[in-house]
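Please look over the sequence and the model shown here before reading the report.

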Amino acid sequence: MKRLFLFICLLCFIQYSFGQEQQRQQRQQQQLPPMTEEQQRAARLLPVSQFAARDWPGRLVPADSARMKKIDYALPTRGLAIAAPSRAGVDAFCKFIEDDLAPAHFNILIIRIDWNYEYECYPQLRDPNPLTKADIKKIVAVCKKYNIQLAPQINLLGHQSWAGTTYALLREFPEFDEAPHIRTEDYNEKYAVNGRPQYQSDMLYCKSYCPLHPQVHDVVFALIDELMDVFEAHWYHAGMDEVFHLGDERCPRCRGIDKAVLFADEVNRIQDHLSKSGRRLMIWGDRLIDGSNGATGLGAWEASLNQTASAIALINKDVYICDWHYGTHGLSAVQIAFNGLDVALCPYTNVPVAAEHLRDMLDWRTRNLNRSLRNRFQGIIHTVWTGADGFLRNYNNPATFAPPSEGDRTDGYGGGPSGDARVLKYLIDEFKKLNL
Ligand SMILES: [Zn+2]
């Protein structure tokens, strides 16, 4: 009996060893490094389509592909949102992508281009000396080489002006203005704090277009289509943050309509247009977060005080939300995910806040949640709001990363001087560690 028992044990051991060897060989064949237990757990939770969507359009990658990295399991989205460079800055921008972003496993680059492109469909909207098709193709080539998705951005709905300047769309098509009675020329610096226009319901912040104007989408969609084709892009970022002028009571089309419905309908209309070519929309998340009555304690920019927050339940579930929080916790990402939407947390100048966002995302992705819910916590997208050329000069200057001195100024988010460059450096280091 004892011998029989030992014999069975021996058989079990041989079978176990053989199975282990088979698994090891399979891993070697796939050229994948062995995953930690936590990564294996996360990997089981990810549908293939999530990774297919992260690859270049038309190049689908199955989940067991040798091209998968460890970090793809832990943090599917690693992004940077930044303005497009000037024409003279394109080569330095491509070098930055190649030397800094690619080795740190960044896989999406949101490029705020607005009117800095030689649009053929509406040439009157071009900035002076805009980027050419050849310039964009240089950026496309380097991103394609390193499998980094591109998401071009023109701000839609809001941000059609800044301080005393009306931007190209409303300058050339003033009939699209949601609130023409609020004149850009009347912008008064006394309402700006630290150069930032302050929110007053009946005063100018940034102009919006009227989402119900019958011709506005003919123009906007033509611009999007041209831009998406030249960028060979799957993702389009429409901005749509800080939309304060919406459903103005003096707009003959919008007055009396629920502002959440107006906002959601515009988001859905843009996503529906993109869906026709299999593309997806990204927007900033602030209009979907309730800032009223102290609900979240977040102010008029970071959350909504103008009755748009219930749009969160009305928008198409294909829309991807970039949830920016620069000085506070990003717990709103949980609410966004629970409403069926993919979400990334977005830091800016404050390194401890960026660290908290990253820690939260990694944590939420390993919680005991329904698989599809868990995978809505997609990752981190860093944001830079200065011009790309100036940012890169600062980022490439070693003095930027010297320890801060006592008395250094901080910005409104608790970030020190050059905080955006420091956060990027921090994320680059952390992303590299995630793939070790
Ligand atoms: Zn209107």
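## Basis of the model

This is a predicted model, in which local features need pLDDT of at least 70 and side-chain atom pairs count only at pLDDT 80 or more, while totals for chains, interfaces and linings use all residues. Residues are numbered from 1 along each chain as its sequence is written.

## The chain and its core

The chain has 14 helices and 12 strands, where helices (H or I, at least four residues) and strands (E, at least two) are DSSP runs numbered from the N terminus. Of its 436 residues, 40% count as buried; a residue is buried if 20 or more other C-beta atoms lie within 10 Å of its own, exposed if 12 or fewer, and partly exposed in between, with C-beta atoms placed from the backbone. Among contacts with a separation of 6 or more, 71% join residues 24 or more positions apart, a contact being two residues whose C-beta atoms, placed from the backbone, lie within 7 Å.

The largest nonpolar core has 109 residues, and those with the most contacts inside it are Leu-109, Leu-227, Tyr-236, Leu-281, Ile-283, Ile-321 and Cys-322. Helix H8 (residues 216–231) supplies the largest share of this core, eight residues. Such a core is a set of buried Ala, Val, Leu, Ile, Met, Phe, Trp, Tyr and Cys residues joined through C-beta atoms within 7 Å.

## Helix H8

The buried residues of H8 are Val-216, Val-220, Leu-223, Ile-224, Leu-227, Met-228, Val-230 and Phe-231. Seen down the helix axis, they fall within an arc of 165°, so they line one face of H8; the arc is that of the directions from the helix axis to the C-beta atoms. Helix H6 (133–145), strand E3 (149–156) and strand E8 (235–239) are among the elements that cover these buried residues, whereas the face turned away from the buried side carries the exposed residues Asp-218 and Asp-229.

His-217 also lies in H8 and counts as partly exposed, with 18 C-beta neighbours inside 10 Å. Its C-alpha atom is separated by 8.8 Å from that of Ile-270, 53 residues apart along the chain. After H8 comes Glu-232, whose phi is positive, near 50°.

E8 and E9 pair in the parallel sense over three bridges, pairing being assigned if DSSP finds at least two bridges between two strands. The chain crosses from E8 through helix H9 (residues 259–275) to E9 in a right-handed β-α-β crossover, which is to say that, with the strands pointing away from the viewer, the path from the first strand over the helix to the second runs clockwise. Tyr-236 has Leu-281 in E9 as its bridge partner, and the residues that Tyr-236 touches, not counting those up to four places away in sequence, include Ile-224, Met-228 and Leu-281.

Strand E9 (residues 280–284) has four of its five residues buried, so it is largely enclosed by the rest of the structure. E9 also pairs in the parallel sense with strand E10 (residues 320–324), over three bridges, and Met-282 stands opposite Tyr-320 in E10.

## Two loop residues

Met-240, in the loop between E8 and H9, has a positive phi near 65° although it is a residue other than glycine, and it is buried, with 26 other C-beta atoms within 10 Å. Asn-293, in the loop between E9 and E10, has a positive phi of about 50° and is not a glycine either; Asn-293 counts as exposed, with 7 C-beta neighbours inside 10 Å.
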